[in-house]
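Colleague: Before we go through the assignments, please set each value beside the cut-off that it has to meet.

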Amino acid sequence: MSENARFAAACAAAGLTFVGPRPELLELFGDKTRSRGLAQEAGVPVTPGTPAAASLADAEAFAREHGTVVIKALAGGGGRGMRVAAGPAAVADAYERCRAEALASFGRGELYAEKYVPRARHIEVQVAGDGSGAVTHLWDRDCSVQRRHQKLIEIAPAPALPGGVRDALLDAALRMAARVRYESLGTFEFLVDGEEFWFLEANPRLQVEHTLTEEITGVDLVKAQIRLAAGEDLAAVGLAAPPRASGCAVQVRVNAETIGADGAPRPSAGTLTAFAPPSGPGVRVDTHGHAGHRTSPRYDPLLAKVIARAEDLPSAAARAHGALGEFEIAGVATSIPLLQGVLRHPGFTSGGAGTSFIADHLAELLESEHRRYYAETALSDAGPEAAAVPDAPPGTVAIPAPTQGTVVSVEVAEGDLVGAGAPVLILEAMKMEHVVRAGEAGIVRALAAAPGDTVAEGAPLLFTEPAEGGGDHAAEDEAADLDLIRADLAETLRRHEIGLDAARPEAVARRHARGHRTARENIGDLCDPGTFVEYGALVIAAQRRRRSLDDLVERTPADGMVCGIGDVDGAQAVVMSYDYTVLAGTQGHLNHRKTDRMLDIAHRRRLPLVLFAEGGGGRPGDTDTTTVSGLDVTTFHAMGRLSGAVPSVGVANGRCFAGNAALLGCCDVIIATRDANIGMGGPAMIEGGGLGAVTPEEIGPVADQEPNGVIDIVVDDEAEAVRAARRYLSYFRGPADDWSCGDQRVLRHLVPENRLRAYDVRRAVAHLADTGSVLELRRAFGVGIVTALVRIEGRPMGLIASNPAHLGGAIDRDAADKAARFLQLCDAHGLPVVSLCDTPGFMVGPDAERTATVRHFSRLFVIGANLRVPMVTIVLRKGYGLGAQAMAGGGFTTPLATLAWPTGEIGGMGLEGAVRLGFRKELEAAEDPRAMFEQMVAAAYEHGKALHAATVFELDDVIDPADTRRWITAVLAAAPPADDRPRPWIDTW
């Protein structure tokens, strides 16, 4: 009655105070689909579910879309009227069982379906409100240890719960409660998986496990509820703010039941011949039991709640275990042995056990020893009067009741031929229905029970005479035609086929006519054959309010996001591709959820990410949401969180605007085809902002985005883009066994003897690296420095090189930004760095300073000083001033080795500038200033030659250029691994 809105309204009409929420709140939270709607309005995530009461056909259709689902009663709780259905074929049976249980338990048979979340944790938040809009929480409880969706052990506060998740759960519960001006006490329940959570249901009453909250907060919840019902506000009750929580409390439910090997509870009925609850410090027992009490299978089997409080979970579990050992109960079998097994299991005491804990560990828990710490009282075995057992007809065998319960229906009649495994009777125990099946084939000769009868465990239900025929249900799987495609599987395969390219020839033809490939063609080319597994292939656009289901299935497959996990050259990666043939690759409600799912998997498993980003950004046409702005979408946060954690590469082909471009910009590396257009807004957004009408081709073409640094690699088409993506990922998979290199003596002749003569540094890079191993990034941007991924003797490395063909190798703003970001990328993903230095320093002058060079140049010092990966610097020719120090990570002692070729020359600044600045007076007084200047420059050159600098140990050595590879491999082979300081992200610029 505590959740009965009609009863609460009748109390109010009679002038009585109902201790609980007002009737409209009871109606709201008594309907689980309305509760889910409230959660969505409050921005609280929910699992996918049917929007209202679902027919059997609705539930089957939902299961075809989502696979394994949960069928639930629309009203009630306690795990009754709830079944998991593993696909559409299992829905009908689960639906009928749930409907019958719901009618028996709650008087209402309406059901709904929601997606099943396996192995999640069940966390609930205790809230209180006074009806004014003021609400508060009294922390959380973990109710994950369950059998058949019914709670056995609860913990407060929830252990091993990340602080951010706890805060989010508390906030979600308070948002929902405040939205409806909640009054009285209530519980908001959630499923939690890692850092994700979903609203489950709300219970507008005092829960069985409220004792835990009382123990950790010291608040008498029953008293508080009565005071709130009397009209006091939260402040008067002492709950203006959440109370302080301390310690840990564990509650175990002692039931008159045992658990079978199949996980099914078996109630135990009888008279309690002994009942002595435990006591002592930190132990509390709430019970109605007493010696002489007679249990009944028609009611909940709960005999007592044992609550133990201590400083932490292991201590509280140990105290609860000991208390159960002191609990003397005789006359009925109880769940104490199972509970003791859970309490001493390391998977429980370490925190974080999920809802499948009992099922996952059932075999070992059933073998748990019942440890007793009391002397048993001499007891009588007298129990309930045994019902007369009918005599078995000659030549028959009995089919016994597997548990005590009440007969709901008999599925056979006398004379029927039944096969082994066939259902013969439905038995209800504790409001849960159990199907009794024939153990072997036979003919029904006598019925020993009728609907409505209460039977004891083991009592005969009917008698069969062994006979052949009737079908062997137990052997159906063994006899099945393995090539037969059943109707449920055929429907599943058909739904998957609808989204494949072969079923969409017109869309594919339009794509090919533009010279582009489909999303699935790109993924098929990227991933090793047969390795790609797709997530969310059956998802459709959230537009059911405006379009038919068939239309959405046919025209919006996968909601425009093809994503999953596949091997790329033998190593797994997360692969995501917006499908431009579906709603122009836009980002819809479920499209975002799929993206978030894959980004979370990439983060949790530390898998590289490849994103094909072509698409038009946010989609305004989705209707099946309560979204107002969509600003609570977590996709962009999730993408940003991956930066620095895993290698990521984005591919832009065709039009990539708005949200799609934002995700592309978060990637480590951007690969773009020559016909790509990349922009933070498409034509509609630009025109809507009053900025004029433009064509898509005018927005962010490659001609703009390559030289400005947005694009790292430009390719001709998508096939080449896929090859570039595979190549980029290869640098993060460790050394290559198969490598070769050019004749290293060529390096001796690449830098001209004339110190003023420019040369092509890319030739030096190509000869120094393994043959064919150079992948240059951002070639057209910041051209004063070359940045490339390379291999030397198979080992992947990052390489930066001054480019003397541009400004003589001087570092300008763009070159500094380019090198700084590249160093971050190498550092984040553990690639050692080789630096080839030939710079006269940073670019200076009024024009340069207008570009904010002070800040841009200094990035190289900050990032260099915090590199975790080793560096080797080789001065090819010039190494002057702050620019040379920046090319060495901040100073010549920073790298593990700082070397020079014989052409090297170093100094605090360029030689000519140093002479003019240091000897100005002498030059002004000289008879031939020019001759004197040239003499001084020559002397400074001799002084700054690498050979001279090495004599005072400013360089580790001057080496034969042909020995450069040997030096690099020798130094880096002995380098310690990168330290564990985190690099949280890679600058997008």
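Colleague: What makes Phe29, Tyr182 and Phe188 a cluster?

Modeller: Ring pairs link Phe29, Tyr182 and Phe188, where rings of Phe, Tyr and Trp (its six-membered ring) pair if their centres lie within 6.5 Å, and where planes under 30 degrees apart count as stacked, over 60 as edge-to-face and the rest as tilted. This is a predicted model, in which local features need pLDDT of at least 70 and side-chain atom pairs count only at pLDDT 80 or more, while totals for chains, interfaces and linings use all residues. Residues are numbered from 1 along each chain as its sequence is written, and side-chain values use heavy atoms, with hydrogens and water left out.

Colleague: How many aromatic pairs does a search of the whole structure find, and why is the pair of phenylalanine 29 and tyrosine 182 called edge-to-face?

Modeller: The search finds 10 aromatic pairs. For phenylalanine 29 and tyrosine 182 the ring centres are 6.0 Å apart and the planes stand at 65°, so the pair is edge-to-face. Phenylalanine 29 belongs to helix H2 (residues 23–30) and tyrosine 182 to the loop between helix H6 (163–179) and strand E7 (183–193), so the pair ties together parts that are 153 residues apart in sequence; helices (H or I, at least four residues) and strands (E, at least two) are DSSP runs, numbered from the N terminus.

Colleague: How do you know whether phenylalanine 29 and tyrosine 182 are buried or exposed?

Modeller: Buried means under 20% relative accessible area, exposed over 50%, and partly exposed in between (1.4 Å probe, protein chains only). Phenylalanine 29 has 4% and is therefore buried, and tyrosine 182, at 1%, is buried as well.

Colleague: Why is the pair of phenylalanine 190 and phenylalanine 197 called edge-to-face?

Modeller: Their ring centres lie 5.9 Å apart with the planes at 80°, so this pair is edge-to-face. Phenylalanine 190 is buried at 0% relative accessible area, and phenylalanine 197 is buried at 14%.

Colleague: Why does serine 315 count as partly exposed?

Modeller: Serine 315, found in helix H10 (residues 313–325), has a relative accessibility of 24%, and therefore counts as partly exposed.

Colleague: What joins strand E16 to E23?

Modeller: Four bridges join strand E16 (residues 397–400) to E23, and the two run antiparallel; two strands pair if DSSP finds at least two bridges between them. Isoleucine 399 stands opposite leucine 462 in E23. Strand E21 (residues 442–447) also pairs with E23 in the antiparallel sense, over five bridges, with alanine 446 as the bridge partner of phenylalanine 463 in E23.
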